[in-house]
Amino acid sequence: MTVIKENWVFVETDLNKINPVTYELITKMKQISHDPVVAILIEKSDANLETELSEYGPDKILLVKDDELVDGDDLELTDALNKLIQKQGTPNTFIFPATVVGRSVAPRLQARLRTGLTADCLDLKFEDDLLVQTKPSYGDNIMCEITIPNHHPQMATARPNVFTAEKENNPALKIEEIDNLEWEKDTKLQIKSQVLPLKTSNDIAKAQRIVALGRGDKTEAGIGIANNLAKKLHATVGVTRPLTDLDQYTITEQIGQSGQTVAPDLLINLGISGAVQYTAGISNAKIVVSVNTDENAQIFKYSDYYFVGNALEFSKALEAIL
Amino acid sequence: MDQKQISKEILLRMVKSFTENEVAPYDMEIDQTRSYVNELLDKIKKYDFLSTMLPEEYGGAGFDGETTAAMINEIARGNASLGVTLEGHFKSIDQIVKYGNQALKDEYLPQAKSRIIAFSMTEPSGGSNPLGITSHAEKKGDEWVINGDKIMITNGGLAEIYCVMVKTAPKELSFFVVDKDMEGFEYGKQENFLGLTGVPVGEIVMNNIEVDDNHLLGKVGMGKEIGDSAHNDARVLMGAVLTGIMEHELNIVTDYATHRKAMDTPIIQMQGIQRKVADIAVAKETTKLLYQKAAWLKDHHQDYEEEAAMAKAYGSRSAVKSGDDALQILGGYGYSLDYPVEHLIRDARAMEIAEGTVEKMRTAIALIEAKNRA
Amino acid sequence: MKIVVCIKQVPETTNVKINEKTKNIDRRGLGGVINSYDLHALETALEIKRNVGGEVITMTMGPDDFAVSLRETLALGADSSILLSDRAFAGADTLATGYVLGKAIKKIGDVDLVLLGQQSVDADTGQVGPIMAELLQIPQVTYANEVIAENNSLLIKRNLDNVAQEITAQLPLLLTVTDTINQPQYTNVVEITKSFAKPITTWHASELQLDDSRVGQAGSPTIVRSISSPEKAAKVGHKLTNDPREAAAELVAILKKQNILTEED
């Protein structure tokens with residue numbers, strides 16, 4: 001088997017839009033490798049996503065215009081990507097976004113190619129041609145360094161929002177359109193509908209964004225403005241223990257030791273002082289923003305960004321520009 | 001692993017997850033509302049918790065004493081009241097299994113799956129002195145006619161079947177099993193206790209309840225023996241509840257002391273705090289070993305009266321003391337009704353009294369020691 | 001419908017540390033539990049059985065004491081279990097694991113539906129399901145959050161990152177499920193005792209007609225070079241400007257740059 005010195009990146013498209021994680025992967029691969037970065041783009045025959053994709057400077061775009069394959073299931077995509085490799089040669093690496101699609105197609109292709117795959121990478125680097133992959137395990141409590149020394153392509157899925165996408169003009173970009181891939185159809189699965197989902201989750205433990213209210217913001221006005229802010233942000237409202245005295249909040253919304261443990265991407269704390277009982281429940285939050293009038297509030301030690309001042313005023317200002 | 005070990009592990013996995021998700025989050029609410037919120041008792045029945053140590057021939061799971069105690073320990077980590085409600089039911093089943101005639105077992109044990117059974121000795125006229133009671137049963141033809149008033153019954157009002165101690169002669173104590181649906185059965189007043197507030201404790205009034213010989217538990221005159229036996233079984237399980245309380249206290253203080261800082265150092269680094277935390281841990285482990293040994297002896301048909309008394313006496317005193325230490329470590333939070341420490345002290349305090357006072361336990365232990373020496 | 005649910009036994013907590021001496025994960029005092037996602041897969045299987053009838057078989061690969069977890073699935077309502085246990089399986093990565101599980105599915109024969117949780121909470125890969133589907137040459141649907149069974153097909157709903165899909169799938173099929181698909185039951189206490197009447201069969205490597213080069217360490221293309229526990233660095237808070245309006249604008253700009261807020265926000 002000849003290995004071609006190329007790094008392939010699978011371009012994820014959702015309903016005719018490129019998922020921005022693709023750009024992050026292209027930028028990262030360009031930063032760590034001298035070999036060409038090749039974007040694998042499957043799109044509708046009348047689409048023109050390659051224009052947008054070009055802005056991030058891949059060295060080559062392998063373009064498959066196929067109205068059926070765009071909506072292909074995992075089995076069909078696997079077959080098509082395998083055929084593409086048979087046509088073009090085996091790339092040294094093949095990277096997918098760690099999205100639902102990437103995490104479903106990549107392992108299937110891996111099994112077809114009988115190579116290795118590392119899931120959900122947080123970092124990638126090269127040692128000569130060897131791709132060194134850093135993956136989290138045990139809910140991010142352990143980091144593993146993984147390599148695939150004797151098989152190709154070296155496959156990985158990489159987590160969104162870890163690498164930063166950067167636009168770059170690449171005058172050497174080549175777009176190569178591939179036709180007659182002759183992938184095998186799977187008649188057993190039928191995708192009946194695909195729609196943009198409404199994101200409404202009331203489950204605070206699973207919420208991606210949370211606006212949390214504390215004792216310092218327990219007034220009717222405070223609750224009202226927090227609710228408006230949450231609505232604008234598509235966030236769920238959480239509370240500290242004292243607020244569960246109010247009729248509208250129970251333990252289901254309570255964050256902390258005697259309540260729920262949360263892990264949102266964004267947590268905004270309004271009028272929360274930061275007692276241990278509360279902060280025990282927020283250690284898995286990604287970005288923590290806190291607002292408190294007390295400059296020495298404990299909560300600031302658990303925050304990425306903080307505002308010293310009135311939570312009402314800040315929330316109003318924030319809501320106004322969203 | 002043999003069947004016994006495997007089933008114990010599966011049971012404890014389930015109870016741990018059940019406690020984490022269904023019990024512990026409601027601990028404060030149960031204490032404050034004085035009731036099992038969140039349909040907890042329906043869930044307890046649905047998943048057959050009530051049948052844990054019920055023998056298989058009566059539709060139960062047939063777990064031994066050690067496993068049953070471990071299960072109660074786990075539940076009490078989440079909420080002590082629920083542990084005590086189960087303890088009250090299990091010790092009653094134990095006595096029916098041990099002393100009941102076949103007809104009584106066939107009638108009531110299969111019902112234990114869904115109906116709680118309570119055990120009742122205390123009356124306004126006496127607790128620790130059983131001969132002071134006034135309830136009595138009189139034989140009239142083939143029937144026994146029972147009259148009297150029993151108070152401070154664990155699960156009283158919640159339980160549907162009651163094992164009651166009555167006099168069958170001036171100096172003769174006997175036990176009968178009565179059902180809340182029998183004619184002449186009435187509920188009386190509920191107690192308003194300081195701790196273990198989830199457990200209903202109440203009164204029943206018996207007005208000419210008529211039962212046949214089959215409802216006699218054991219034989220006429222066996223009241224004292226059956227009462228002692230129930231106490232012993234209850235004390236083992238109370239050791240498990242107390243261990244659960246101390247595990248809860250330990251969780252709270254270790255979590256707090258590792259996060260709370262004074263002068264930028266977590267307070268767990270300070271010797272004064274360490275001493276308290278270590279004392280709680282030692283007391284917890286000691287109580288655990290005591291109840292486990294008592295349960296093991298019971299499962300192996302050896303005397304366990306002394307170990308059961310030790311588990312309860314030492315465990316209750318220690319859990320109150322540990323709660324007090326925990327309160328001190330948490331300072332203002334510990335003293336706040338918004339945090340669980342204060343109710344753990346109230347819960348533990350109940351067990352210095354119920355099922356025989358600490359003083360009575362010491363008497364029992366001392367006399368057994370003296371007898372063993374002699 | 002003949003359903004096989006593949007389960008994995010994992011440590012009871014993911015809050016694990018590395019042992020300084022062995023440089024490996026410290027499992028001292030850690031009990032095992034069934035991977036939580038797999039409990040949702042089992043509940044899905046039991047629901048399908050309740051609705052259209054059939055047989056639920058649970059299977060796992062691992063040492064003999066993983067039989068506890070299989071016994072637990074029997075107490076939860078599965079009909080029988082298979083334990084794949086052999087020294088030769090040790091050191092398997094997802095590819096080698098998927099290979100052995102796939103071979104076992106073939107040996108069971110006439111399986112209509114293979115069910116797994118979306119991923120395990122220890123390795124966090126979610127790869128074994130798709131690998132099995134590929135080896136079995138059957139279609140797959142991953143991350144399902146609703147399943148309605150009809151006699152010979154399934155109606156499935158799933159959420160991709162930005163798209164909600166509805167799929168009709170004919171059998172045989174491999175399905176992985178999320179933890180929002182259902183609420184698993186707790187094990188019934190009496191059923192634990194009763195479960196001992198149901199069979200757990202152990203299959204060793206020799207019974208599965210395996211290609212030795214595809215099993216265990218030999219069949220694993222990936223190599224774990226090292227593991228470490230990342231220190232969760234204390235947050236160094238950035239103080240926002242004193243004026244609320246300016247501070248809000250500053251925050252929004254920062255959050256957009258970090259992709260925490262999107263352009264739509």
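**Figure 1. Chain A in outline.** Chain A has 8 helices and 18 strands. Helices (H or I, at least four residues) and strands (E, at least two) are DSSP runs, numbered from the N terminus. This is a predicted model, in which local features need pLDDT of at least 70, side-chain atom pairs count only at pLDDT 80 or more, and totals for chains, interfaces and linings use all residues. Residues are numbered from 1 along each chain as its sequence is written, while chains are lettered from A and ligands numbered from 1 in the order in which they are written. The C-alpha atoms of chain A fill a box of roughly 65 × 45 × 40 Å along the principal axes. Of its 322 residues, 51% are buried. A residue is buried if 20 or more other C-beta atoms lie within 10 Å of its own, exposed if 12 or fewer, and partly exposed in between, with C-beta atoms placed from the backbone. Among contacts in chain A between residues at least 6 apart in sequence, 64% join residues at least 24 apart. Two residues are in contact if their C-beta atoms, placed from the backbone, lie within 7 Å.

**Figure 2. An annotated span of chain A.** An unreviewed UniProt entry places "domain: Electron transfer flavoprotein alpha/beta-subunit N-terminal" at residues 7–195 of chain A. UniProt positions are given in the numbering used here, feature names are shortened, and annotations may be inferred rather than shown by experiment. The span is 27% helix and 37% strand. Its end C-alpha atoms lie 32 Å apart.

Figure 3. Strand β11(A) covers residues 154–158. All 5 of its 5 residues are buried, so the strand is largely enclosed by the rest of the structure. Gln154(A), Ala156(A) and Ala158(A) lie on one side. Met155(A) and Thr157(A) lie on the other. Strand β6 (residues 90–97) of chain A runs parallel to β11(A), joined by 5 bridges. Here Thr93(A) stands opposite Gln154(A). Strand β7 (residues 117–121) of chain A also pairs with β11(A) in the parallel sense, over 3 bridges. Cys121(A) stands opposite Ala158(A). Two strands pair if DSSP finds at least two bridges between them.

**Figure 4. Where chain A meets chain C.** On the two sides, 71 residues of chain A are in contact with 65 residues of chain C. Helix α5 (residues 100–113) of chain A gives the largest share of the chain A side, 9 residues. By class, that side has 36 nonpolar, 20 polar and 15 charged residues. Ala, Val, Leu, Ile, Met, Phe, Trp, Tyr, Cys and Pro count as nonpolar, Asp, Glu, Lys and Arg as charged, and the others, Gly among them, as polar. Strands pair across the two chains as well: β10 (residues 142–147) of chain A and β12 (residues 223–228) of chain C are antiparallel over 5 bridges. Ile146(A) stands opposite Val224(C).

Figure 5. Chain C contains 6 helices and 13 strands. Its C-alpha trace spans about 70 × 50 × 40 Å along the principal axes. Buried residues are 48% of its 265. Chain B brings 20 residues into contact with 14 residues of chain C. The chain B side has 9 nonpolar, 7 polar and 4 charged residues.

**Figure 6. The largest nonpolar core.** This core has 231 residues. A nonpolar core is a set of buried Ala, Val, Leu, Ile, Met, Phe, Trp, Tyr and Cys residues joined through C-beta atoms within 7 Å. Val9(A), Phe176(B) and Val241(B) have the most contacts inside the largest core. Helix α7 (residues 223–259) of chain B gives the most to it, with 15 residues. Leaving aside neighbours within four places in sequence, the contacts of Phe176(B) include Trp144(B), Val164(B), His215(B) and Leu217(B). A second, separate core of 48 residues includes Ile204(A), Ile225(A), Ile255(A) and Ala285(A).

**Figure 7. Ala230(B) in helix α7.** Ala230(B) is found in helix α7 of chain B. It counts as buried because it has 24 C-beta neighbours inside 10 Å. Beyond its neighbours within four places in sequence, Ala230(B) is in contact with Lys91(B), Gln95(B) and Phe119(B). Asp94(B) is 136 residues away in sequence, yet its C-alpha lies 7.6 Å from that of Ala230(B).
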